[in-house]
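Me: I'm about to look at a structure that is new to me, and I'd like to talk it through slowly. Could you walk me through it?

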Amino acid sequence: MNARHESSRRFPIRFTGVNRAMAVLGLRPANSFVAVGPAEVTIRMGWAFHTTIPRSSITSVTADDDRVFGWGAHGWRGRWLVNGSSSGLVRIEVEPQTRGRVAGFPVAVRCVRVSVDDRSALITALAP
């Protein structure tokens, strides 16, 4: 773990069912997580997605039970789904938008829906 994340708490991204097979692509819980630190939140799904959000830019954090139409890291126009499961989703809204990377390409990030093993703990950790 690098110095940037020393004081952070990690929440693994949830992988369930056949989505555990994403490990053959290098996407697994060991390198897919939400790290909550005192000043910033890092969301990483292996090589597929990465963003670091200043905590001061997070405008809302809620449990998300909306339908999911895919798994992995994908989105459009600043709205991203980063998941290995259809359950345990947390929606993190960001303003102003921040930057992220999807498969190495720069993207805007305004909202991230991320599946985690313990969403209530993540929501509590992100509370102001």
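**Contacts along the chain**

Reply: Among the contacts in the protein chain with a separation of 6 or more, 60% are between residues 24 or more positions apart, where contact means heavy atoms within 4.5 Å. This is a predicted model, in which local features need pLDDT of at least 70 and side-chain atom pairs count only at pLDDT 80 or more, while totals for chains, interfaces and linings use all residues. Residues are numbered from 1 along each chain as its sequence is written, and side-chain values use heavy atoms, with hydrogens and water left out.

Me: How many helices and strands are in the protein chain?

Reply: The protein chain has one helix and nine strands, which run β-β-β-β-β-β-β-β-β-α from the N terminus on; these are DSSP runs numbered from the N terminus, with helices (H or I) of at least four residues and strands (E) of at least two.

Me: Where is arginine 91, and is it buried or exposed?

Reply: Arginine 91 lies in strand 8, which covers residues 89-102, and is buried at a relative accessible area of 16% (buried is under 20%, exposed over 50%, partly exposed in between, with a 1.4 Å probe and protein chains only).

Me: What does arginine 91 touch?

Reply: Not counting residues up to four places away in sequence, arginine 91 touches several residues, including Ser60, Asp64 and Arg113.

Me: Switching to glycine 100, where is that?

Reply: Glycine 100 is also in strand 8, and is buried, with a relative accessible area of 7%. The C-alpha atoms of glycine 100 and threonine 42 are 9.9 Å apart, although 58 residues separate the two along the chain.
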